[in-house]
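Colleague: I am new to this one. Could we go through it together?

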Amino acid sequence: MDLGLIGRRALITGASKGIGAATAKSLAAEGCKVHLVSRTARDLEQLVSEISDSFGVEAGYTAADLSQSEQVTALCAAHDSIDILVNNAGAIPAGSIGAVDEAAWREAWDLKVFGYINMCRLMYQNMRARGGVIINIIGVGGERPTPAYAAGAGGNAALMALTRALGGASVRDGVRVVGINPGAIKTDRLINMHKTMAAEKFGNAERWEELFDPEFPPGEPAHIADMVAFLASDRSSNTTGTIITIDGGYCAR
């Protein structure tokens with residue numbers, strides 16, 4: 001299926017690995033020019049080289065900490081003609097309300113929650129004159145909250161509400177805003193988060209794999225990345241203000 005994305009400009013945050021890296025490759029495979037953002041320049045440089053060689057598209061990167069408002073402002077000013085924004089930066093730590101202290105909670109929300117908010121605020125204004133798509137990669141913690149993921153449940157729920165609030169009326173400005181709630185996806189973040197939960201539940205972080213039902217294994221980053229490409233395309237032009245859940249049926253069980 002031709003998604004008609006050739007030549008469109010996409011900016012992906014949290015792009016150095018996992019879902020972000022897979023998304024960059026999926027959009028590049030559709031002919032998008034991609035600009036990758038994360039805090040780790042070395043990983044970005046390697047990925048940009050790989051994308052350029054594999055897909056023959058224009059690719060660049062910026063090493064930035066999007067928990068810092070001034071860095072968000074500088075990034076958005078330098079890339080004010082982006083057609084597709086994929087917000088994916090940030091990992092909120094697992095743990096009960098007593099296990100995640102205020103400093104860790106605030107640090108995580110500064111990057112993921114306020115980072116998304118600030119990127120949406122500035123990029124939305126950039127897109128108003130010519131149209132665009134904002135895709136927020138959020139997480140099922142906000143859809144099915146659990147006490148073992150208290151900070152993530154609150155942060156993700158806030159981003160789900162933000163996505164719906166913006167996307168419900170954004171079409172009048174020529175902008176679409178949608179979200180994706182990934183369930184368990186095979187990434188480094190998944191392993192680290194489940195090690196924390198295993199330590200709380202079993203007293204042994206190395207028993208993290210026991211937290212998964214073998215009948216319902218984690219998904220792959222490409223499952224999310226390919227949905228991003230579809231939602232970014234005109235074939236999804238009537239999709240805005242909604243959240244797509246990709247979790248192997250977890251939230252329905």
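Colleague: How many aromatic pairs does the count come to?

Modeller: The count comes to two aromatic pairs, where rings of Phe, Tyr and Trp (its six-membered ring) pair if their centres lie within 6.5 Å, and planes under 30 degrees apart are stacked, over 60 edge-to-face and the rest tilted. This is a predicted model, in which local features need pLDDT of at least 70 and side-chain atom pairs count only at pLDDT 80 or more, while totals for chains, interfaces and linings use all residues. Residues are numbered from 1 along each chain as its sequence is written, and side-chain values use heavy atoms, without hydrogens and water.

Colleague: Why is the pair of Trp105 and Trp109 tilted?

Modeller: The planes of Trp105 and Trp109 stand at 50 degrees, with the ring centres 6.3 Å apart, so the pair counts as tilted.

Colleague: And which pair is edge-to-face?

Modeller: That is Trp208 with Phe212, at 6.3 Å centre to centre and 90 degrees between the planes.

Colleague: Are Trp208 and Phe212 buried or exposed?

Modeller: Both Trp208 and Phe212 are buried, that is, under 20% relative accessible area, with exposed over 50% and partly exposed in between (1.4 Å probe, protein chains only). Trp109 is partly exposed, at 22%.

Colleague: Changing topic, which charge lies over the face of Phe216?

Modeller: Arg253 does, at 3.6 Å from the ring centre; the rule asks for NZ of Lys or CZ of Arg within 6 Å of the ring centre and within 35 degrees of the ring normal. Arg207 lies over the face of Phe202, at 4.2 Å from the ring centre.
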